[in-house]
Amino acid sequence: MKYKLTILFSALVVLGLVLTACGPKPEPAPAPAPEETEAPAATEAPVAEAVEPAKEIVFFNWSEYIDPEIYTLFEDETGIKVVEDNFSSNEEMLAKLQGGATGYALIVPSDYTVSIMKDEGMLAKLDHANIPNLGNLAEQFQNVPYDPGNEYCVPYQWGTTGIGYLDSEVDEPTSWAVFFDPDPTAPYYGRMTMLDDAREAFAAALVYLGYDINTTDEAQLEEAKELLIKAKAALAGYDSDIFEDLIASGENLMAHGWNGDFLVAQEENENVAYTIPQEGGVVWVDNVCIPISATPEQKAAGEMFIDFLLRPDIGAMLSDYNWYATPNAAAEANLDEEFLNDPAVYPPAEVLAKLQYIEPVGEAEAIYQRLWDEVKSAPTP
Ligand code: SPD
């Protein structure tokens, strides 16, 4: 996995810097003799303008991804009200901001989308002086390859993409074949959904075909497109918001989706289960960032909220609510052993080895989007 190698590389670079710091140091240059002149006027040193944080900010987030009680606690402590707006895919959020939407103080792009937004100059650099809790992040999240040193973003939660199912009605799906080579007589036929998300849907088809989920080979992408069109016959539809609820209610029996959402749905129906098929799946890190369009006041309040999220108790509240793994090492002391040992939340090494990150594919991004539009507009076979 490219990101794992990059993390290892970053660790080696850090180690190198530490070792260099331990080596012989050059003699410090002698301090210049003070000149006997008049003391400089008090106005000479530039004084940073203190920015008054906004009294209300808008947080553009995935749906059902934060305990609303966190907003109440933050407002009680700071007087700042957080209003939430939602999106269902990275591409939806990106298109809205590229289209000129303003007013957002905070957004939550996934790893590959952080890279795209950085390249397009769409993110503001974080002022670490306003985020003293940054050190609560686990070490590997302080140096993620798409944003070394958390220059622009702070990891929010991480998770995986696989298959959720109702285990009282169907056997555990061990292969993506349930979508791409479905049995028309199976109870799940016609009672399944796939994520309404170009990169995620193509990742499922590409991993089933044994291809890299970030391929830019057009022949492979065409093959994946044909497979996604074929799968439509077995689908009830595409959905990224309520796929887990449709399993919990028994309306659907299988869904392509994100682990935490299925795990939360177990509270409604204990028969909801989650698995990663033998071919593998996707691993991702979502991040809280500030769009470049935020005003200085919105940015100041946004940084206060990021710092609040990084508190150990608030980090734990986040995972208790959305059942996703936390990048906040300090929050772990506040989380149950049951959660920390749940393999559906923290996959064991042999499962992690089968997961891939979605990565930016440059100009091929448009090819994925065009082929996805073709999949969605194709008649059901
Ligand atoms: N209900 C919140 C789900 C957040 C999922 N974000 C993951 C995106 C990975 N492509």
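Student: How does the length of H6 compare with what 1.5 Å a residue should give?
Tutor: This is a predicted model, and here the two agree: the 12 residues of H6 should span 16 Å at 1.5 Å a residue, and the end C-alpha atoms are 16 Å apart.

Student: Nice. Is H6 mostly covered or mostly exposed?
Tutor: Mostly covered, with 10 of its 12 residues buried.

Student: Which residues of H6 are the buried ones?
Tutor: They run from Ala 198, Arg 199, Glu 200 and Ala 201 through Phe 202, Ala 203, Ala 204 and Ala 205 to Leu 206 and Val 207. Arg 199 and Glu 200 are on that list too.

Student: And what follows H6?
Tutor: Gly 210 does, and its phi is positive, near 85°.

Student: Back to Phe 202. What is it in contact with, leaving aside neighbours within four places in sequence?
Tutor: Phe 202 is in contact with Leu 221, Ala 224, Lys 225 and Leu 228, and also with Tyr 368, Leu 371, Trp 372 and Val 375.

Student: Which residues touch the most other members of the largest nonpolar core?
Tutor: Phe 202 is one of them, along with Phe 59, Phe 180 and Phe 305. That core has 124 residues. Helix H6 gives the largest share of this core, eight residues.

Student: Which domains does this core draw on?
Tutor: At least three of its residues come from each of domain 1 (56-158 + 284-345) and domain 2 (159-283 + 356-377).

Student: Switching topic: how many disulfides does the structure hold?
Tutor: One. Cys 153 and Cys 289 form that disulfide, with their sulfur atoms 2.2 Å apart. The link is right-handed, with 110° about the S-S bond.

Student: What does the pair tie together?
Tutor: Cys 153 lies in strand E6 (residues 153-166) and Cys 289 in strand E11 (residues 281-289), so the pair ties together parts that are 136 residues apart in sequence.

Student: Are Cys 153 and Cys 289 buried or exposed?
Tutor: Both Cys 153 and Cys 289 are buried.

Student: Now zoom out. How many helices and strands are there?
Tutor: The protein has 14 helices and 12 strands. Of its 381 residues, 51% are buried.

Student: Last one: what share of the contacts with a separation of 6 or more comes from residues 24 or more positions apart?
Tutor: Those residues account for 75% of such contacts in the protein.

Terms used:
Residues are numbered from 1 along each chain as its sequence is written. This is a predicted model: local features need pLDDT of at least 70, side-chain atom pairs count only at pLDDT 80 or more; totals for chains, interfaces and linings use all residues. Side-chain values use heavy atoms; hydrogens and water are left out. A disulfide is a pair of cysteine sulfur atoms within 2.5 Å. Helices (H or I, at least four residues) and strands (E, at least two) are DSSP runs, numbered from the N terminus. Buried means under 20% relative accessible area, exposed over 50%, partly exposed in between (1.4 Å probe, protein chains only). A nonpolar core is a set of buried Ala, Val, Leu, Ile, Met, Phe, Trp, Tyr and Cys residues joined through side-chain atoms within 4.5 Å. Domain bounds come from an automatic or database domain assignment. Contact means heavy atoms within 4.5 Å. The expected span of a helix is 1.5 Å times one less than its number of residues.
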